[in-house]
Amino acid sequence: MPEPNNTTNKIQEEIEYSWLIKPCEIYKAEYNDCTSIRARFHQYFIFGETTDCKQWKIDYNNCDLWEHNKDKKAYIELIESEKKRRFQRLQAHYSNDVWQKRDKPPENWNAPLPKWLDEKSQNSYLKISSIVLFVLTEVYAANLDFSRRQKRMAEDCPDGDYLGAYSRFFSEFVSRVNPYDQLPVSVSSYNVTEAEIVGEIINVTLQYLNQT
C-alpha cells in the first residue's frame with residue numbers, strides 16, 4: 001500500500017486555516033504599496049531603513065498558483081506565511097503576562113449610556129456624522145430602488161413610456177369612475193387620523209388596482 005502523500009496530509013492539517021487567505025489582488029496591492037516611493041520615505045523615516053517587501057510578492061504568486069492551478073505546495077506556503085504574519089501582529093497580545101484576559105465580555109458591555117453622556121454626545125461630530133451617513137445611505141438605497149422600478153416599469157410597457165401609461169390609466173380611471181359607486185375595497189378603519197391619510201389612500205388604491 002503506497003504511503004500517503006505528505007503534501008496532501010499537510011493540506012488536510014492546514015485546511016482549517018484557509019480563511020486566512022486573502023483575495024490575490026490584496027497581496028498585489030500590498031506589494032505595490034510597500035514598494036511605492038511614498039512608502040519608502042515613510043519606512044526610512046520610521047525605521048531608518050526600507051522594509052523588505054518581497055514576502056507580499058511571494059504570497060501573491062502563491063495565491064495565484066493556488067487559485068488558478070490548485071498548487072498544494074503554494075497553498076501550504078501561503079498559509080504558513082499568513083500564520084507567521086498573524087503571530088507577528090498579535091505577538092504583544094500573546095506575550096502579555098500582566099493583564100488577565102477575559103473569556104467573555106462584561107455583562108453590561110452594551111448597556112445604554114448614562115443620560116447626561118447621551119445628551120452631551122447629541123451634537124458631537126461622531127453623532128452628526130453617523131446621522132449624515134445614515135441619511136445618505138437611505139437616499140442612495142431609495143434612488144437605487146426607484147431606478148430599478150423605473151427600469152421594470154419601462155420593460156412592462158410596449159413603447160417603454162411608463163409615465164405615459166400612468167397618465168392614460170388615471171385619465172381613463174377618472175373618466176369612467178362613478179363617485180357614487182361603492183369601490184370594491186375594504187377600509188381598515190372609519191376613523192382615520194391626519195397622519196394615517198396617506199397610508200390609507202395607498203392601501204385603498206392598491207386594493208383597487210389589484211382587482212382591476
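Here are some questions and answers about the predicted model shown above.

User: Hello! Which ground rules apply to the numbering and the values here?
Analyst: Happy to set those out. This is a predicted model, where local features need pLDDT of at least 70 and side-chain atom pairs count only at pLDDT 80 or more, while totals for chains, interfaces and linings use all residues. Side-chain values use heavy atoms, leaving out hydrogens and water, and each chain, as its sequence is written, is numbered from 1.

User: How many helices and strands does the chain have?
Analyst: Helices (H or I, at least four residues) and strands (E, at least two) are DSSP runs, numbered from the N terminus. Read from that end, the elements run α-α-α-α-α-α-α-α-α-α. The count is ten helices and zero strands.

User: What percentage of the residues in the chain is buried?
Analyst: Buried means under 20% relative accessible area, exposed over 50%, and partly exposed in between (1.4 Å probe, protein chains only). The chain has 212 residues, and the buried share of them is 15%.

User: Which helices do the buried residues of α2 pack against?
Analyst: Helix α2 covers residues 24-34, and its buried residues are Cys24, Tyr27 and Cys34. Seen down the axis of α2, they fall within an arc of 95° (taken from the directions from the helix axis to the C-beta atoms), so they line one face of the helix. Contact means heavy atoms within 4.5 Å. The packing partners are α3 (37-47), α4 (54-69) and α5 (72-89).

User: Is Asn62 buried or exposed, and which residues does it touch?
Analyst: Asn62 is found in helix α4. With a relative accessibility of 8%, Asn62 counts as buried. Leaving aside residues up to four places away in sequence, Asn62 touches Ala74, Glu77 and Leu78.

User: How many salt bridges are in the whole structure?
Analyst: Side chains of opposite charge can pair when their charged atoms come close. A salt bridge here is a side-chain nitrogen of Lys or Arg within 4 Å of a carboxyl oxygen of Asp or Glu. Searching the whole structure turns up four.

User: What is the N to O distance between Asp59 and Arg85?
Analyst: Asp59 lies in helix α4 and Arg85 in helix α5, so the pair ties together parts that are 26 residues apart in sequence. Both Asp59 and Arg85 are buried. Their side chains meet in a salt bridge with an N to O distance of 2.6 Å.

User: Which residues join Glu82 and Arg85 in one network?
Analyst: The side chains of Glu82 and Arg85 meet at 3.2 Å, N to O, and the two are three residues apart in helix α5, about one helical turn. Glu82 is buried at 3% relative accessibility, and Arg85 is buried at 19%. Through salt bridges that share partners, Glu82 and Arg85 are joined in one network with Lys22 and Asp59.

User: How far apart are the closest N and O atoms of Lys73 and Glu77?
Analyst: Lys73 and Glu77 sit four residues apart in helix α5, separated by about one helical turn. Lys73 is exposed, with a relative accessible area of 54%, whereas Glu77 is partly exposed at 33%. In their salt bridge, the closest N and O atoms are 2.5 Å apart.
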